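Please keep the sequence and the model in view while reading.

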Amino acid sequence: MTPHLLTVDTLSCHYGSHAAVDAVSFVIEKGEAACLLGPSGCGKTTTLRAIAGFERITAGSILLAGTALSTPDFQIPPEKRHLGMVFQDYALFPHLTIRDNIAFGIHKQANCKATVDRLLDLTGLTAMAKRYPHELSGGQQQRVALARALAPEPRLLLLDEPFSNLDAELRTSLAREVRDILQAAQISAILVTHDQDEAFSFADKIGVMHNGKLLQWDTPENLYDAPATAFTARFIGEGCLIPGKVIDGHIKTELGSLPNPHSHPENRTIEVLVRPDHLSLETQSPYKGQVVRRTFQGSHTLLHIALPSSQVITVTVPGKTSLNSGDETGLRLNEEVLSTYLVD
Ligand code: ATP
């Protein structure tokens, strides 16, 4: 059986007694684009630095194509791992042209010119080959940094918040573009970011991290539809959690008596995830709310609706709606997509 391209197995990294990374496990296959996503301080950069070989690991192991890169008592030096890295600051050489920046790590190779030509073409920079970094925009400079990292044909590319200096729109479009470039070159990558839109634009698999732990490693679709923890439910996608209680095998909430798909015990307090697209307006429904705001978005309208408890939820309505602020409406929650969480 072919080993996974990258295996991170119960990896821990400690600073003193503090576990910055705490028993994290995941695998990446060839050609896959992955992302570590989480709030500041959750341990994503430390995980990436451990894979790169810049961080000593205190437990577990990191394997590349079945060969150990790091264990607590053995570490292959970063330069011998054949991994590419792209950072937030593009770290281009200001006195070298774009072509020479890309060629920097491979100038002794016989096929250097052909490789640089191919990468200039792949990253859409051919017309700028003779320019210097300061003559390029931020997004173009980041594409140069990517081309330079790809030139030595790394087995895996590590991207540490590479788009965070760019504005929001460019960030997501460049994330998509980079993913396409990597796919064309069949190169696997791990992107570290705290930006969900960027993660969704880039990754086949996303790992959500919190307090050093990997809470879920999954496709963007599964993270949205079935977040495994309340933290992930709050962190990923639009929506809110409404309280409920298990009574006679059902979860009683302001949006009705719902099934108990995760079999939470009787009398326990539960949180139910309510996404805007999991709700519909239904005149006949006994569960009511009052519209507090309406936001027209072109293809759909967002209605912000206050429940009797005053908790405000958001509903997506296709196209336009005649409902206005102050109007009362009936609500129905789609029971087929219920995510519910036990409150400690
Ligand atoms: P950010 O998005 O802010 O970069 P992150 O998720 O990448 O955050 P890490 O940089 O991996 O988080 O840090 C994880 C934890 O380890 C944090 O609590 C941080 O304070 C701590 N930490 C990181 N580097 C060191 C260090 N050199 N010495 C001590 N503690 C550190």
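**Strands, helices and the ligand shell**

In this predicted model, Val86 has Leu159 of β8 as its bridge partner.

Within β9, Thr193 stands opposite Leu37.

The buried residues of α3 pack against α4 (138-150) and against α2 (98-103). Which residues of helix α3 (residues 112-122) are buried? They are Val116, Leu119 and Leu120. These residues cover an arc of only 105° around the axis, and therefore lie on the same side of α3. The spacing follows a general rule: an α-helix has 3.6 residues a turn, so residues three or four places apart point the same way. The exposed residues Ala114 and Asp121 are carried on the face of α3 turned away from its buried side. Just after α3 comes Gly124, with a positive phi of about 70°.

Helix α1 presents another case. Because 8 of its 9 residues are buried, α1 is largely enclosed by the rest of the structure. The buried residues in α1 are Lys44, Thr46, Thr47, Leu48, Arg49, Ala50, Ile51 and Ala52. Just after this helix, Gly53 takes a positive phi of about 100°.

The description now turns to the ligand. Which helix gives the most to the shell around the ligand? Helix α1 (residues 44-52) does, with 3 residues. The residues that surround the ligand are Tyr15, Ala20, Gly38, Ser40, Gly41, Cys42, Gly43, Lys44, Thr45, Thr46 and His194. Sorted by class, this shell has 7 polar, 3 nonpolar and 1 charged residues.

The C-alpha atoms of Gly38 and Thr232 are separated by 9.2 Å, although the two residues are 194 residues apart along the chain. Thr232 has its place in helix α8 (residues 230-235). Why does Thr232 count as buried? The cut-off is 20 or more other C-beta atoms within 10 Å, and Thr232 counts as buried because it has 24 C-beta neighbours inside 10 Å. When its neighbours within four places in sequence are left aside, Thr232 is in contact with Val208, Leu215, Gln216, Leu223 and Pro227.

A further open sheet is formed by 5 strands, in the order β14-β13-β12-β15-β21, and its pairing is antiparallel. At its edges stand β14 (256-258) and β21 (340-342); each has a single partner strand, so one side of each is left without a neighbour in the sheet. Neighbouring strands of this sheet are turned by 35° against each other on average, direction ignored. Inside this order, strand β12 (residues 240-247) pairs with strand β15 (residues 269-274) in the antiparallel sense over 6 bridges. Here Lys245 has Thr269 of β15 as its bridge partner.

The chain may finally be considered as a whole. Its secondary structure comes to 8 helices and 21 strands. Along the principal axes, the C-alpha atoms of the protein chain fill a box of roughly 75 × 50 × 40 Å. The protein chain has 344 residues, of which 37% count as buried. Among its contacts between residues at least 6 apart in sequence, 64% join residues at least 24 apart.

Definitions and conventions
Residues numbered from 1 in each chain as written. Predicted model: local features only at pLDDT ≥ 70, side-chain atom pairs only at ≥ 80, totals over all residues. Near = placed C-beta within 6 Å. Helix = DSSP H or I, 4+ residues; strand = E, 2+ residues; numbered from the N terminus. Nonpolar A, V, L, I, M, F, W, Y, C, P; charged D, E, K, R; others polar. Buried ≥ 20, exposed ≤ 12 C-beta atoms within 10 Å, placed from the backbone. Arc of directions from axis to C-beta. Contact = placed C-beta atoms within 7 Å. Pairing = 2+ DSSP bridges. Axes fitted to C-alpha atoms, helices over the stretch in contact; angles between N-to-C directions.
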